Amino acid sequence: MQRPQLLLLTTIALLAFAGNSLLCRMALLHTGMDAASFTTVRLVSASLMLCLLCGVSGFKPGKGKGGGNWVSALALFGYAIGFSVAYMRLPAGTGALLLFGAVQATMIGWGMVQGELLTGIRLAGFALAMAGLVALLLPGLAAPPFLSALSMLGAGVAWGVYSLRGKGVANPLAVTAGNFLRTLPFTLGASLLMINSQSISQGGFVYAVLSGAVTSGVGYAVWYKVLPYLKTSNAATVQLSVPVIAALGGVVLIGEPLTWRLAGATLAILLGIALVISNASKVSPSTVTPPSAT
């Protein structure tokens with residue numbers, strides 16, 4: 001894959017992830033929709049979209065060795081439900097800090113276990129990006145509710161595991177579709193367990209459909225496609241931009257204030273990411289071999 005194409009697809013995926021955060025915030029915090037219902041509508045919509053994309057591409061989702069697996073599906077569901085449950089009570093900044101901290105720890109930790117180390121300018125870039133994220137999210141935040149924080153940390157670990165298992169797959173679109181289809185029994189079961197607290201609004205339903213079909217279905221398909229061409233540390237680091245993009249989206253779409261702290265943190269994170277990526281050896285399939293994702 002050529003660098004311009006890799007950059008474009010990675011940017012699309014990151015924008016989709018940020019959009020997903022914004023849609024989730026608006027649905028859970030402003031429409032009264034419950035976490036289990038949001039997750040169910042999101043995953044069903046994503047599954048339908050991915051099946052449509054597979055049909056257009058001539059693939060058969062969810063079948064055979066290249067159609068995903070139950071372990072990856074469980075990790076995907078763990079991320080989706082943990083994310084939604086946590087954001088019922090967590091402030092947005094606290095949740096993003098916990099989520100992406102857990103993602104980085106999971107992916108960088110696995111990379112180090114496999115012998116991939118950050119040194120020199122790449123280490124400085126990662127440190128700068130992390131410092132920018134902390135500067136943006138940490139000051140002034142109260143201690144989060146313990147169970148909600150634990151739920152978001154679990155979501156971050158699950159997303160890190162799912163991302164690692166997505167590296168090196170032969171057919172990313174079919175694998176992604178297969179994994180989403182396999183989440184449906186889990187999410188329907190969760191909805192049944194939480195049926196007494198269900199609350200579905202028209203606005204929340206629309207947000208959940210958009211989150212599933214567009215920012216999850218299409219976004220994850222693109223992310224799964226670029227993962228084999230990113231080092232584990234690069235894949236982890238570029239995701240640090242997602243809270244920044246989401247925060248800027250909040251300024252434009254929700255009317256949240258633009259502060260000097262936000263501007264400075266954005267510059268630090270993007271510069272840190274640039275240092276990490278610019279000092280990678282070359283754009284080629286990663287030499288780090290994650291657990292089999294087929």
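**Exercise 1. Find which helix has the lowest mean pLDDT and which the highest.**

Solution. Step 1: recall that pLDDT is the predictor's confidence in each residue, from 0 to 100. Step 2: the chain has a mean pLDDT of 79, and 82% of its residues reach 70 or more. Step 3: among the elements, helix α9 (residues 232–238) has the lowest mean, 70, while helix α3 (residues 70–86) has the highest, 93. Step 4: look at residues 281–294, where pLDDT stays under 50. Where pLDDT is low, the predicted coordinates should not be read in detail.

**Exercise 2. Work out how helices α6 and α8 are oriented to each other.**

Solution. Step 1: α6 covers residues 146–165 and α8 residues 202–226; their axes are 9 Å apart and the packing angle is about 55°. Axes are lines fitted to C-alpha atoms, for helices over the stretch in contact, and angles run from 0 to 180 degrees between N-to-C directions. Step 2: angles under 35 degrees count as roughly parallel, over 145 as roughly antiparallel, 65 to 115 as roughly perpendicular and the rest as oblique. Step 3: α6 and α8 are therefore oblique to each other. Step 4: on the α6 side, Trp159, Tyr162, Ser163 and Arg165 meet Tyr220, Trp223 and Tyr224 of α8.

**Exercise 3. Name the residues with the most contacts inside the largest nonpolar core.**

Solution. Step 1: a nonpolar core is a set of buried Ala, Val, Leu, Ile, Met, Phe, Trp, Tyr and Cys residues joined through side-chain atoms within 4.5 Å. Buried means under 20% relative accessible area, exposed over 50%, partly exposed in between (1.4 Å probe, protein chains only). Step 2: the largest core has 67 residues, and those with the most contacts inside it are Tyr79, Phe83, Met152, Trp159 and Trp223. Step 3: helix α1 (residues 3–30) gives the largest share of this core, 9 residues. Step 4: zoom in on methionine 152. Leaving aside neighbours within four places in sequence, its contacts (heavy atoms within 4.5 Å) include Phe83, Tyr87 and Leu99.

**Exercise 4. Decide for threonine 39 and methionine 194: buried or partly exposed?**

Solution. Step 1: threonine 39 sits in helix α2 (residues 35–57). With 0% relative accessibility, threonine 39 is buried. Not counting residues up to four places away in sequence, threonine 39 touches Ala80, Ile81, Ser84 and Thr187. Step 2: methionine 194 belongs to the loop between α7 (172–193) and α8. Its relative accessible area is 30%, so methionine 194 is partly exposed. Step 3: methionine 194 and alanine 36 are 158 residues apart along the chain, yet their C-alpha atoms are separated by 6.9 Å.

Methods:
Residues are numbered from 1 along each chain as its sequence is written. This is a predicted model: local features need pLDDT of at least 70, side-chain atom pairs count only at pLDDT 80 or more; totals for chains, interfaces and linings use all residues. Side-chain values use heavy atoms; hydrogens and water are left out. Helices (H or I, at least four residues) and strands (E, at least two) are DSSP runs, numbered from the N terminus.
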